[in-house]
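Subject: Structure for your review

Dear colleague,

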Amino acid sequence: EMVYGLVRGMRFWDYQSAQQAWTWLTPVFQQVLSNVTLETQSDWDLCFSGASNKGDLNRLRPMLELLVTSENLVSQGAFKESSYLLFVTKCLSSNWRTRDLFTRTYNILRPHWDHPYNNVRHQIANTLSTLLSMDIQLRGTQKQVDWNIGSGFPTKKMFLDEVIPMLNLLHHNPEFSREETPVSGMVTPASGLQTPVSVSGTATPAEQSSSPNTSSEDISMATEVDDQETKRSNRILETASLWIIHQIRNFSSTISIEMFRLLPYLCQFIGTEKDQDVSQSCLQALCYLSICILPDTAIQSLLDMVRRIAQSSSYKTKMSVLEFIQVSVFTNFLKIVVNNSYKEQVQSIIISLLQDENLTVRTKAGKILGGLLHSGFIDNTQTGELLTSLRSLIRPKMKRKGRKFQKPEPKEQLDNAKDKSIAHHAGIIGLCAFVEAFPYDVPEFVPPVLMELSTHLNDPQPIPSTIKKCLQEFKRTHQDNWQEHKTKFTEDQLLVMTDLLVSQNYYA
């Protein structure tokens, strides 16, 4: 408190008196800060944040120069490094005119995105959010070009261009090239190792030709290098995800479309048993990104990235991107629903994942489709077309011979039987979504859908279980007002519904 009051009062002194005070105060700062403890960290945090708030930068220059040095920020123990980063963050967040200190701090932290200590990585991400906070794009009028309010400051694009080549995709995705997103097991040039390593840990054919006498020690060394690169990539990803959290939480400016470049890496770590810290950080980053109100220029970039991620071979990645697009669409519902192009793209993504080979992904896509129908995202004009496309997946295609239509021959049915069964189940899930989307009403298209579902109860699993769950949900949500709802059905349809919904009496 004494130092805080002294620094705040120096703004009323003349220049020579202030310089003499800083000559005495700088060594004191250096000695005291080297002995900061957990109990005194909050006190010094209050001292630096209060002393630098709304102060003259020319008079505070010695204090800022003392803090922003490589020896203090990254050359001490974990606690001291995190303490210095905390103090620097508090000082820089209140002084946007120190552009050279922003740049210097960013350059000091650049080699330490993969810092081995967890608490230091958290503080680096917090500091990084402050350093990149001035990167705000302002849209001009028709006669003016867009310009950045923080010209000369570190930018988000600069950070992501440096970080993304250091990250690895754990699962194959044809939408991302090897240069853009190196797969796991490939040593990046940034690590300083120029020898590529294969995924299995053995030497590449080029290495085998150059060194025919490869021993088991070389293979084990290559495996260790691979493990080290994987851990390094995971730590960098954790830092980037923590940066997204702090950037969205601490600053009110809209998010940049550059952040969407991290989505493929964030989605792949959700639900993994290894690296729980990284998984939780990625999950929080996805949550923060999904609830952001996007500017008009960012929606198309988001949809393009989601479409690319949906091509991944990992079902966990697809589940994560489904959760993300569900929350993001309903957060920006009004901006998306008024644009037919956006609506068609969202519907196309959901329908494509509805035919995924994984049952869990298909079920989740069906739930989201039901939510889109319930909210009116898919209007009445598109409902008929969607029902027709879903029914085409269920009904077998007939071939015409003269004036008659015949079913395909058994040999033709055996071809791509797995793909046909997946498409068949996708159509069933889609029709069930139409039934579950209206829990308090029975639109005119629901009775024919229920009749069609009843004809597939004897199909191979998991189709019957999906239909039974849908019928149970329909009975649960409509039984209170069934006297009103049953007027929407014909007599023949009511007989079928009675057989489906009413269990048989044992003594009948």
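I begin with helix α3, which covers residues 41–52 of this predicted model. At 1.5 Å a residue, its 12 residues should span 16 Å, and the C-alpha atoms at its ends are 17 Å apart, so the two values agree. Of those 12 residues, 9 are buried, and α3 is therefore largely enclosed by the rest of the structure. The buried residues of α3 are Gln41, Trp44, Asp45, Cys47, Phe48, Ser49, Gly50, Ala51 and Ser52.

The chain as a whole

The protein chain has 25 helices and 4 strands. It comprises 508 residues, of which 46% count as buried. Its accessible surface comes to about 27,400 Å², and carbon and sulfur atoms account for 53% of that area.

The nonpolar core

The largest nonpolar core holds 134 residues, and within it Trp243 and Leu262 touch the most other members. Leaving aside neighbours within four places in sequence, leucine 262 is in contact with Leu160, Ile164, Leu167, Ala240, Trp243 and Ile244.

Salt bridges

A search of the whole structure finds 15 salt bridges. Three of them are described here.

The side chains of arginine 261 and aspartate 161 meet in a salt bridge, with a distance of 2.9 Å from N to O. This pair links distant parts of the chain: arginine 261 lies in the loop between α11 (216–250) and α12 (263–268), while aspartate 161 belongs to helix α9 (residues 156–163), 100 residues apart. Arginine 261 has a relative accessibility of 25% and counts as partly exposed. Aspartate 161, at 33%, is also classed as partly exposed.

Aspartate 356 and lysine 318 form another salt bridge through their side chains, at 2.4 Å from N to O. Here too the pair links distant parts of the chain, 38 residues apart, with aspartate 356 in the loop between α17 (340–354) and α18 (359–375) and lysine 318 in helix α15 (residues 315–331). Both aspartate 356 and lysine 318 are buried.

Lysine 364 forms a salt bridge with glutamate 323, and the closest N and O atoms of the two are 3.0 Å apart. Because lysine 364 lies in helix α18 and glutamate 323 in helix α15, this pair ties together parts that are 41 residues apart in sequence. Lysine 364 is buried, with a relative accessible area of 16%, which is under the 20% cut-off for that class. Glutamate 323 counts as partly exposed at 39% relative accessibility. Elsewhere, salt bridges that share partners join Lys157, Asp161, Glu258 and Arg261 into one network.

Two threonines

How does the side chain of threonine 383 lie relative to the backbone oxygen of aspartate 379? A polar atom of that side chain is 2.8 Å from the oxygen. Threonine 383 is placed in helix α19 (residues 380–394), and its relative accessibility of 7% makes it buried. Beyond its neighbours within four places in sequence, threonine 383 is in contact with Ile378, Phe434 and Phe445.

Threonine 466 is found in helix α23 (residues 463–478). A polar atom of the side chain of threonine 466 lies 2.9 Å from the backbone oxygen of proline 462. Not counting residues up to four places away in sequence, threonine 466 touches His425, Ile428, Ile429 and Cys432.

Arginine 99

Arginine 99 is located in helix α7 (residues 99–109). Its relative accessible area is 43%, and arginine 99 is accordingly partly exposed. Leaving aside neighbours within four places in sequence, arginine 99 is in contact with Ser151, Gly152 and Phe153. The C-alpha atoms of arginine 99 and leucine 131 are separated by 9.4 Å, and these two residues are 32 residues apart along the chain.

With kind regards

Key:
Residues are numbered from 1 along each chain as its sequence is written. This is a predicted model: local features need pLDDT of at least 70, side-chain atom pairs count only at pLDDT 80 or more; totals for chains, interfaces and linings use all residues. Side-chain values use heavy atoms; hydrogens and water are left out. A salt bridge is a side-chain nitrogen of Lys or Arg within 4 Å of a carboxyl oxygen of Asp or Glu. Helices (H or I, at least four residues) and strands (E, at least two) are DSSP runs, numbered from the N terminus. Buried means under 20% relative accessible area, exposed over 50%, partly exposed in between (1.4 Å probe, protein chains only). A nonpolar core is a set of buried Ala, Val, Leu, Ile, Met, Phe, Trp, Tyr and Cys residues joined through side-chain atoms within 4.5 Å. Contact means heavy atoms within 4.5 Å. A polar contact is a pair of N or O atoms within 3.5 Å; within protein, one must be able to donate a hydrogen and the other to accept it, and residues adjacent in sequence count only if both atoms are side-chain atoms. Accessible areas come from the Shrake-Rupley method with a 1.4 Å probe; for residues, only the protein chains shown count as cover. The expected span of a helix is 1.5 Å times one less than its number of residues.
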